[in-house]
Amino acid sequence: MSETEPHKQPPKKAPTKWGLAWPFLIVLIALGLWSAYWIYMARQVESNLVAHREALIRAGYHVQYDPVSVRGYPFRMFMEFKKVEVVAPSGKGFAAPVIAAEANAYALDKWVMVAEKGLTLLRGRHNGLDLGQVTVTGDALRASVSGLNKPIYDVAIEGLNPVFVSSDPARPFALNGAERFEAYLRPNAKTADMADILVRITGAKGDPLSLAGKIGQTKPFNLHWEASVNHVSQFKGVDWGQSVEHWQKGGGALSAMKSSLKIEELNLFLESDLMSVDTNRRLNGQLKLEISGSGDPFGFLLSTGLIGAEYEPLARPLVGVRMVAEKAVVMNFEFRDGGTYTGPLKVSDAPKVF
């Protein structure tokens with residue numbers, strides 16, 4: 001054979017049917033595995049839901065909703081709860097015509113819930129009296145819960161243009177409405193059994209007969225409140241009062257508390273390094289209050305109980321009748337022995353946590 005004669009390549013084999021089918025087989029196997037995973041996890045979600053409901057019922061809760069099943073294949077887990085009622089032994093709870101709950105099928109530790117048709121808050125009883133109900137509607141009412149495998153969940157609640165209507169005008173709810181309501185609870189990144197809480201309300205309108213209405217002095221206001229809460233696991237009981245008492249006995253306290261309140265041109269900033277409650281659920285600790293801007297700050301001081309009406313003649317010279325923009329007043333309060341003091345002067349009973 002001549003050296004210049006080209007080298008002949010062996011003929012290529014024609015692709016087999018199996019070679020062409022392998023990609024499709026891989027896709028079918030993956031689809032089958034995912035489908036099996038989705039069906040298994042959907043059944044797990046339904047089983048866990050039944051277990052949680054039975055646990056609440058054993059604890060004395062009333063829990064009711066129409067039969068529910070998981071939908072949303074292939075990438076979602078979706079449930080629609082209809083005719084929902086969840087009521088604690090104290091009578092506090094909520095009801096809703098429909099609540100939709102959804103999670104990504106590959107991230108089941110985070111659920112988002114939406115109450116498109118609004119909901120009803122059941123206010124329970126106080127001193128034997130039924131406080132009635134509050135109907136809540138708005139452009140959007142939603143919540144999310146994540147970190148379900150951790151001791152403290154990560155919770156976010158949001159309402160856009162919420163409107164609150166009390167069933168009993170004689171027992172008003174704190175707010176009539178707001179432009180936006182936000183509340184967050186997250187586990188503290190540095191300390192176990194501690195949670196960080198943030199509440200932010202924009203364009204709030206308080207009911208004139210409620211504490212929020214008296215604080216806002218019938219004017220729209222913006223509120224920002226944040227704090228860290230220790231011994232969260234101790235906060236348990238059949239109602240709010242019992243939970244606070246149990247938490248107090250376990251050494252519960254608030255730390256790094258900061259709050260700002262803006263009522264038109266009047267600005268108030270509150271700060272406390274540490275705050276707790278005594279056995280009578282009255283506050284213990286120190287509070288710094290800075291007042292600036294223009295307006296009458298006494299509406300806030302009187303309505304919050306930082307200054308009692310009977311102590312107003314003694315305390316008013318400390319603040320003045322009205323604030324002006326170029327002035328700022330700083331007041332230091334101490335809650336102790338059931339009273340509120342500024343310096344040696346008692347100006348009110350210490351606020352009580354109801």
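I count Ala, Val, Leu, Ile, Met, Phe, Trp, Tyr, Cys and Pro as nonpolar, Asp, Glu, Lys and Arg as charged, and the others, Gly among them, as polar. By those classes, the lining of the second largest pocket has three nonpolar, three polar and four charged residues. The model I am reading is predicted.

**Entry 1: the pocket**

I looked up the volume of the second largest pocket. About 160 Å³ of space lies in it. Next I listed its lining. I found Glu271, Ser272, Asp273 and Leu274, then Gln286, Leu287 and Lys288, and finally Asn332, Phe333 and Glu334.

Which strands supply at least two residues each to this lining? I found S17 (266-277), S18 (283-293) and S19 (328-336). S17 gives the largest share, with four residues.

**Entry 2: the strands behind the pocket**

I then checked how these strands pair. S17 and S18 run antiparallel, and nine bridges join them. Glutamate 271 has lysine 288 in S18 as its bridge partner. Both Glu271 and Lys288 are on my list of lining residues.

I followed the chain from S17 to S18. The two strands make a hairpin, with five residues between them. In that turn, arginine 281 has a positive phi of about 65°.

S18 also pairs with S19. That pairing is antiparallel too, over eight bridges. Here leucine 287 stands opposite phenylalanine 333 in S19. Leu287 and Phe333 also line the second largest pocket.

**Entry 3: a lining residue with a salt bridge**

I went back to glutamate 334, one of the lining residues. What is its salt-bridge partner? Glutamate 334 pairs with arginine 336, with 3.4 Å between the closest N and O atoms. Glutamate 334 has 29% relative accessibility and counts as partly exposed. Arginine 336 is partly exposed as well, at 28%.

**Entry 4: other salt bridges**

I noted the total for the model: 13 salt bridges. Side chains of opposite charge can pair when their charged atoms come close.

I turned to lysine 82 and glutamate 80. They form a salt bridge, and their closest N and O atoms are 3.9 Å apart. The cut-off is 4 Å, so the pair counts. Lysine 82 is partly exposed at 40% relative accessibility. Glutamate 80 falls in the partly exposed class too, at 28%.

I also asked which residues are linked in a network of salt bridges. I found Arg142, Glu158, Arg180, Glu182 and Arg200.

**Entry 5: a second hairpin**

Last, I looked up S20 (residues 339-342) and S21 (residues 345-349). They run antiparallel, joined by four bridges. Threonine 342 has leucine 345 in S21 as its bridge partner. S20 and S21 form a hairpin, and two residues lie between them. Glycine 343 sits in the turn, with a positive phi of about 65°.

Conventions:
Residues numbered from 1 in each chain as written. Predicted model: local features only at pLDDT ≥ 70, side-chain atom pairs only at ≥ 80, totals over all residues. Heavy atoms only, no water. Pairing = 2+ DSSP bridges. 1 Å grid on protein atoms, 1.4 Å probe; cavity = no way out; pocket = protein on both sides within 12 Å on 5 of 7 lines; lining within 4 Å. Points joined across faces, edges and corners; volume = space filled by probe spheres on them. Salt bridge = Lys/Arg side-chain N within 4 Å of Asp/Glu carboxyl O. Buried < 20%, exposed > 50% of the residue type's maximum accessible area, 1.4 Å probe, protein only.
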